[in-house]
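Here are a few exercises to work through with the model open beside you. Try each task before reading its solution.

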Amino acid sequence: MARFPTSPAPNLLLRLFSSNKRSSSPTAALLTGDFQLIRHFSAGTAARAAKDEKEPWWKESMDKLRNIGISAHIDSGKTTLTERVLFYTGRIHEIHEVRGRDGVGAKMDSMELEREKGITIQSAATYCTWKDYKVNIIDTPGHVDFTIEVERALRVLDGAILVLCSVGGVQSQSITVDRQMRRYEVPRVAFINKLDRMGADPWKVLNQARAKLRHHSAAVQVPIGLEENFQGLIDLIHVKAYFYHGSSGENVVAGDIPADMEGLVADKRRELIETVSEVDDILAEKFLNDEPVSASELEEAIRRATIAQKFVPVFMGSAFKNKGVQPLLDGVISYLPSPNEVNNYALDQTNNEERVTLTGSPDGPLVALAFKLEEGRFGQLTYLRVYEGVIKKGDFIINVNTGKRIKVPRLVRMHSNDMEDIQEAHAGQIVAVFGVECASGDTFTDGSVKYTMTSMSVPEPVMSLAVQPVSKDSGGQFSKALNRFQKEDPTFRVGLDPESGQTIISGMGELHLDIYVERIRREYKVDATVGKPRVNFRETITQRAEFDYLHKKQSGGAGQYGRVTGYVEPLPPGSTEKFEFENMIVGQAIPSGFIPAIEKGFKEAANSGSLIGHPVENLRIVLTDGAAHAVDSSELAFKMAAIYAFRLCYTAARPVILEPVMLVELKVPTEFQGTVAGDINKRKGIIVGNDQEGDDSVITANVPLNNMFGYSTSLRSMTQGKGEFTMEYKEHSAVSNEVQAQLVNAYNASKAAE
């Protein structure tokens, strides 16, 4: 056999490749001795070339990146879990508790108010490294008043951990958070926390998740003991028992499965395989043929099903007792997607907002979304999720929403309220920039494309307060605070009451507004007086009414002339629009240039209904005819005609008042059930569900917000401090005739008093 040099000369290579083209059969190549050389030479080079072609430079770093959020009902242990995650990944070196009993408080609750109240108010971002994988984490609030923080986080995340309490189970906010995850198509794993607590029952919680959240889920772990006997966990995939030793559970020790649990483990593993095989064809084939399923095959099937959002793997543990957090981190790496496994879309503004699939590669044009703003120590801090391309310090970027060209002065990675300066960030990463003026939801590009990311769903505020600074000198700081909070939080609105001249702040509930008033006092040193909370009522119409109005004014010189004819009618139930205007005039009875002024007039009139002065919604206005004057018609004349036409026909359309109705979930000891239910009825609430959970009754009711002020105090006194409740906005619905009469009389009396 001829011996070949390890590095053939270039001319020999040419001969070899050309001879290979001529002789397509392997036999011919072998005869000339070329085939072996080609194989020898190309084994390394061609394979490397193919690998480079398939896998660009950024592929590996993207595969090893996870963007996750931790969301749950209030008090399920999200922040405690994040604290443990940071400890085990080496980001912090000692563990502090949430309520800050040691005077420090959890790392992710950086705001003084959060540490005092023991709740999360703002979502906080951090990053850590686990087994060579980089993980960006956002810890979100559980309280319904801060629901926008959860919306913002889920908008930009690729995966999430849904934390459920093993005692409380699936609670009202768990359902809300899960709905938000579905809206943004976020794959998730569930973590049943607090297995060390009295009354812990993970199997009950798993069944609730299947029933209430419609999760296709199964446990991937079985706990060894519960409550004070909770010792460790059995991994159903690798069929191993794990125990947690050391002062903070940092030493994970594998051991044998207790003999009395082998039957349960076999059953639960079979249940897991069966549940996954229902949504994964590859595993289904093995399961139906009764073939053994290896750990790696099961892991791959769970990953495929989780990323496709067809399955939710359920982990267990106790974050407070430092058990089960490390396997959860492994689960995040194993089952949640990397940024390039998620489909993200942008809207092309140059092509009629057509949906464009983003490649998610750092090689493409820059596309980044500002999803959260904060007033930092050095000016506005803007959190960005980079969807495509690379952003570098010193680069010029374009705000697509405003068209402004901005330089990136400083780029940082966040660790709660600490920052680390970085030079660049590529697609898939979550970073923050300083000194960039923008609004929440703005999209940034490098100028080569004009894409915007879809906006997020912002709920309407349901409650208002009148606020004013105690001292007149602090007016500047006061308005500065309100402007900042409005920019940071889309659910926080500020307006002026045109009648009283008071500043009105609106938000998602009592706690939401209390927190902002407190923040004005602490962060801006402005004491503010607060008026009685005011509910955001709405008005609407219930039947069709015609209008035909002529606005005519002659006062020397050019007069005013405008006539509008048409009708108003309620929009069909379930309509997404709140106000519709339609021009159905045939011909040129009114010149088309005046139509926008007429629409503007109707919109303005609908801002304040004649019943109690609140906005009118769910109505459609149709313009069918009208008249114009060659000299006296103007935009102002037609706008005034529309306003008066609306006021005249409004009463004929049988208007009603709509009030915000809240979905209230109460958890009270059974002995107080009767008293609490009676009180709900007194508040004109409708009880829609009543479940038993151990010694507690869980009551679900729809109650008008106007009747819920000061409810926490009454509930405490009715239940000897043992009852708890959560409430969230459900819908606006019509009030009874009696309540409507009361509200109208009160409104008329207050107007007369002025």
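What is the mean pLDDT of the protein, and what share of its residues reach 70 or more?

**Solution.** pLDDT is the predictor's confidence in each residue, from 0 to 100. Its mean here is 81, and 84% of the residues reach 70 or more. This is a predicted model, so local features need pLDDT of at least 70 and side-chain atom pairs count only at pLDDT 80 or more, while totals for chains, interfaces and linings use all residues. Residues are numbered from 1 along each chain as its sequence is written, and side-chain values use heavy atoms, with hydrogens and water left out.

**Exercise 1.** Find stretches where pLDDT stays under 50.

**Solution.** Begin with residues 1-54: pLDDT stays under 50 there, and the model has 24 contacts (heavy atoms within 4.5 Å) beyond four places in sequence for them. Then go to residues 99-104, where pLDDT also stays under 50; for these the model has nine such contacts.

**Exercise 2.** Explore the largest nonpolar core.

**Solution.** Start with the term: a nonpolar core is a set of buried Ala, Val, Leu, Ile, Met, Phe, Trp, Tyr and Cys residues joined through side-chain atoms within 4.5 Å. Buried means under 20% relative accessible area, exposed over 50%, and partly exposed in between (1.4 Å probe, protein chains only). The largest core has 49 residues, and those with the most contacts inside it include Leu-81, Leu-298 and Ile-302. Helix α13 (residues 325-335) gives the largest share of this core, six residues. Helices are DSSP runs of H or I, at least four residues, and strands are runs of E, at least two, numbered from the N terminus. Now zoom in on Ile-302: leaving aside neighbours within four places in sequence, Ile-302 touches Val-220, Ile-237, Leu-272, Val-276, Phe-311, Pro-313 and Tyr-335. Finally, look for a second, separate core of 42 residues, with Ile-520, Leu-611, Ile-699 and Met-727 among them.

**Exercise 3.** Which residues of helix α18 (residues 673-682) are buried, and which are exposed on the other side?

**Solution.** Val-676, Ala-677, Asp-679 and Ile-680 are buried. They cover an arc of only 160° around the axis, which puts them on the same side of α18; the arc is that of the directions from the helix axis to the C-beta atoms. On the other side of α18, Gly-674 and Lys-682 are exposed.
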